[in-house]
Amino acid sequence: MMKSEKPSIFRAERSPLKVTLLVFSGSSIMCVASAVDPLRAANRIAGETLFDFRLVSVTGEAPVTTCGLPVAVSGRFDAAETTDVLVVVAGFGTQNYATSALLAGLRRAARAARACGGVEAGTWLVARAGLLEGRSATTHWEDMEDFSSAFPDVDVRPDRYVIDGPVFTSGGASPTFDLMLHLIRTRLGMAVALDVASVFIYDQARAATDAQPLVSLGRLDGYDPRLAQAIRLMEAHVDQPLTIAAVAMRAGVTARTLESIFRKSIGETPGAYYLRLRLGAARRLVVDTGVAMADIAGRTGFSSAAAFSRAFSRAFGEAPVRLRRR
């Protein structure tokens, strides 16, 4: 802990914790729920308000989540209002909200609070406010490379969530649930945390430092472990694709056996799945970023922009440049 830092909120402590959640339009409703509902459940189980949470927005109006559902808020974000914890929850369109006034407000609120954090793309706003300089952090795996380039002074990790002193960050909905369970466990004990997890029939099977997968396979119950290994190899080599023979060899099977496993489990060949995985990554870059098409082609393992455009058009019914213009 740095000299000027306040004691961590992640410690045994039964005094009420005031939590302000600043929610932006474009957030995932699952991220909002993962941040709020474990705290609500902990209060109910404890029989008292140990997490005094409040949802706010920049304008005071209900932010609209990616599924179209608005989130009811109690008012406008006020940087001068006292809170113990400030949690910034954001998703698509975050760059549109990073005004100098907002960033100044985040800095002011964070200085007064005991802790602050970013959920999914909320990490971008926390970083733009200068609150992550010299610290470790994470964000959603789709943004990790761009985030690292934008903030070279931040130690960006592929972890599910990261706690560095008074600042915490999480990569998405499920890691945020894990983070809140960790907060509940450290403050109120394992019994309460287990009871909260039981409310949601939630099995916390991963640690904070587990890497975020591109393809979520849950706990892999019912899956052939060789399928999981092959998919992990594919997602680790999106930019420089392995041959299917090489994937099979590393998974400890023949190419023919691997094809049988994929057809039985997924209903398509390993090659078709691998191409779809790469094109899915490419589509996210086309829609959500301004990265040049040639660079997207290189990042997703295509030999040229032309080859990428042809494959993209076959898969999605239109060229990537046309999709970006929408």
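Visitor: Before we dig in, what are the ground rules here?
Guide: It's a predicted model, where local features need pLDDT of at least 70, side-chain atom pairs count only at pLDDT 80 or more, and totals for chains, interfaces and linings use all residues. Residues are numbered from 1 along each chain as its sequence is written, and side-chain values use heavy atoms, leaving out hydrogens and water.

Visitor: OK, how many disulfides are there?
Guide: Zero, by the rule used here, which takes a disulfide as a pair of cysteine sulfur atoms within 2.5 Å.

Visitor: So what's the nearest cysteine sulfur to Cys 67?
Guide: That of Cys 31, 11 Å away.

Visitor: Is Cys 116 buried or exposed?
Guide: Cys 116 is buried, at a relative accessible area of 4%. Buried means under 20%, exposed over 50%, and partly exposed in between, using a 1.4 Å probe and protein chains only. Cys 67 has 49% relative accessibility, so it counts as partly exposed.

Visitor: Switching to helices: at what angle do α1 and α6 cross?
Guide: Roughly 120°, with the axes of α1 (residues 29–46) and α6 (residues 190–199) coming within 9 Å. Axes are lines fitted to C-alpha atoms over the stretch in contact, and angles run from 0 to 180 degrees between N-to-C directions. That makes α1 oblique to α6; under 35 degrees would be roughly parallel, over 145 roughly antiparallel, 65 to 115 roughly perpendicular, and the rest is oblique.

Visitor: Which residues make that contact?
Guide: Pro 38, Ala 41, Ala 42 and Ile 45 on α1, and Val 192, Asp 195, Val 196 and Val 199 on α6, where contact means heavy atoms within 4.5 Å. By class, seven are nonpolar, none polar and one charged.

Visitor: What about α7 and α10, what's their angle?
Guide: About 40°, with the axes of α7 (residues 225–236) and α10 (residues 270–288) 10 Å apart. They're therefore oblique to each other.

Visitor: Who meets whom there?
Guide: Ile 231, Met 234 and Glu 235 in α7 meet Pro 270, Tyr 273, Tyr 274 and Leu 277 in α10. That contact divides into six nonpolar, no polar and one charged.

Visitor: Last one: what's the phi of Glu 120?
Guide: It's positive, about 50°, although Glu 120 is not a glycine. Glu 120 sits in strand β4 (residues 115–120), and is buried at 16% relative accessible area.

Notes. Helix = DSSP H or I, 4+ residues; strand = E, 2+ residues; numbered from the N terminus. Nonpolar A, V, L, I, M, F, W, Y, C, P; charged D, E, K, R; others polar.
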